[in-house]
Amino acid sequence: MLKKTYMTDNLPYIQAIKVPLVADLVLSPTVLYDDNGTSICFETEDEQFGRITIQKMDGIRICRGEVPPYHDPRENWEDFEPGTWVYRVENSAWLMERYQYEKKHYGHSYEWGNSVDEMLTDYTHYYFFFHDEFLEVIAKGFWWEKAEQSLLGKPLSVGHPFLNLQADFTEELNINETRLYIKINSKSQQELYTDVRFCHQTILELWIKIKSEYVQEGTLKIKESKGVVLSYYQPRFGKEISIKKGIADLADLENVLLSKP
């Protein structure tokens with residue numbers, strides 16, 4: 001555990017996030033930033049390849065240096081855990097700067113009517129440590145992949161949380177005379193609770209049929225906010241709708257949709 005003095009004096013500090021792969025701490029990563037999103041590609045310590053993809057990035061910066069600009073728990077050997085190279089920055093001044101910027105310029109037109117205050121609840125300042133450089137990202141989350149060949153510029157892996165569900169329609173709903181076709185995530189609740197620590201996870205997708213084509217109408221997801229897992233519905237257009245604490249199911253979503261005016 002970090003020493004209490006770093007957690008109470010409002011100075012930035014970093015807390016380790018354990019991911020099931022370890023970057024090679026000698027080789028430099030490659031960062032891609034394009035229309036397909038932001039990713040960090042690197043070799044792993046066991047001579048394979050890894051990729052971190054960023055969910056809803058707000059800012060990124062890359063700096064030279066081996067010494068973290070924040071308190072590093074590895075300075076206290078009793079706190080050190082081998083293989084830690086991804087961290088969350090607490091008391092982040094940069095995150096507050098970005099929030100103030102978004103609030104000033106986009107506070108009344110933010111993300112389909114959502115509240116700019118989600119910057120304070122849903123966004124995290126991440127720190128990725130390499131040998132001679134480090135990367136910092138403000139985002140809603142990230143996901144990791146590992147492969148035997150380089151993932152640089154490659155499509156996201158099957159089952160990646162940023163992709164649509166690779167599943168058949170197994171349920172239907174009728175909401176206000178609209179028939180909705182449902183795809184359900186095959187992950188167990190335990191898997192969802194584990195994976196939501198990294199990024200938002202899809203519980204199910206709602207689709208409508210227009211002529212002979214299926215069009216996605218919305219998604220029921222979970223996110224972690226301040227250590228609490230929350231379910232929400234994200235329509236194709238419009239702001240997200242809170243459902244409940246914990247993992248909601250189709251019945252919970254149906255009740256909310258039926259109660260909408």
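A polar contact is a pair of N or O atoms within 3.5 Å; within protein, one atom must be able to donate a hydrogen and the other to accept it. This predicted model contains such a pair at the start of helix α5, where a side-chain oxygen of D249 comes to within 3.2 Å of the backbone nitrogen of A251.

**Helix α5**

- Helix α5 spans residues 250–259, and its buried residues are L250, L253, V256 and L257.
- Viewed down the axis of α5, these buried residues lie within an arc of 125°, so they line one face of the helix.
- An α-helix has 3.6 residues a turn, so residues three or four places apart point the same way.
- N255 and S259, on the other side of α5, are exposed.
- The cover over the buried residues of α5 includes strands β10 (171–175), β11 (178–184) and β12 (201–210).
- Strands β13 (213–225), β14 (228–235) and β15 (241–245) are also included in this cover.

**The pairing of β3 and β4**

- Strand β3 (residues 37–43) pairs with strand β4 (residues 49–55) in the antiparallel sense over 5 bridges.
- F42 has G50, in β4, as its bridge partner.

Notes. Residues are numbered from 1 along each chain as its sequence is written. This is a predicted model: local features need pLDDT of at least 70, side-chain atom pairs count only at pLDDT 80 or more; totals for chains, interfaces and linings use all residues. Side-chain values use heavy atoms; hydrogens and water are left out. Two strands pair if DSSP finds at least two bridges between them. Helices (H or I, at least four residues) and strands (E, at least two) are DSSP runs, numbered from the N terminus. Buried means under 20% relative accessible area, exposed over 50%, partly exposed in between (1.4 Å probe, protein chains only). The arc is that of the directions from the helix axis to the C-beta atoms. Contact means heavy atoms within 4.5 Å.
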